[in-house]
Amino acid sequence: EWPLNAGGYAAGEPAPSALTGALQNGAIVSTLPGYPGGSQMLSIAPGPQKCELAYEARGTKLIYDMGDQFPIHVLFTAPWSQAVSLEPYTSIMNVFNEPFASELSGAQALAPGHSFTFKWAIQIQDL
């Protein structure tokens, strides 16, 4: 988990936390330790990433395949609703004004004439 300052920008390097441990173990979002709501920025190991959100009352689960190009994720719960949003990012916010190494922050350049390709998919399945 990245520590954030009041403006929502990285305030230091990421470190394991109770929140990241709970997410990796499939905790219920409303019971996540140390999660005050709002936005929490998480670094995920490089490579393909999938997230499953189970809706037990509906008997379904949402599978979010985020591909392999988004090493940073923001877990957002809006204070005005009961919704949860998992937002994949290619880098931390304000990345080019931050002191962190590109391997950590996700900073990357796109040369003229080159492209950036990614894939993601969302599907709903029965539990």
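How many bridges join β2 to strand β3? The answer is 7, and β3 covers residues 60–67, with the two strands running antiparallel. Before I go on, a quick word on where this comes from: it's a predicted model, where local features need pLDDT of at least 70, side-chain atom pairs count only at pLDDT 80 or more, and totals for chains, interfaces and linings use all residues. Residues are numbered from 1 along each chain as its sequence is written, and side-chain values use heavy atoms, with hydrogens and water left out.

Okay, the strands. They are DSSP runs of E, at least two residues long, while helices are runs of H or I, at least four, and everything is numbered from the N terminus. Two strands pair if DSSP finds at least two bridges between them.

Now let's look at Q49, which sits in strand β2. Buried or exposed? Q49 is buried, because its relative accessible area is 15%, and buried means under 20% (exposed is over 50%, partly exposed is in between, with a 1.4 Å probe and protein chains only). Leaving aside neighbours within four places in sequence, Q49 is in contact (heavy atoms within 4.5 Å) with I44, Y64, D65, M66, G67 and H73.

H73 from that list takes us to another sheet. In β5, the bridge partner of H73 is P88, and 6 bridges join β4 to β5, which run antiparallel. The open sheet here has 3 strands in the order β1-β4-β5, again with antiparallel pairing. β1 and β5 stand at the edges with a single partner strand each, so one side of each has no neighbour in the sheet.

Last stop, the largest pocket. A pocket, on a 1 Å grid over the protein atoms alone, is an open set of points where a 1.4 Å probe fits, with protein on both sides within 12 Å along at least five of seven lines; lining residues have an atom within 4 Å of a point. About 980 Å³ of space lies in this one. It is lined by 30 residues, and the closest to its centre are L23, A27, C51, E52 and L53. Which strand gives the most to the lining? That's β2, with 7 residues.

Methods:
Points joined across faces, edges and corners; volume = space filled by probe spheres on them.
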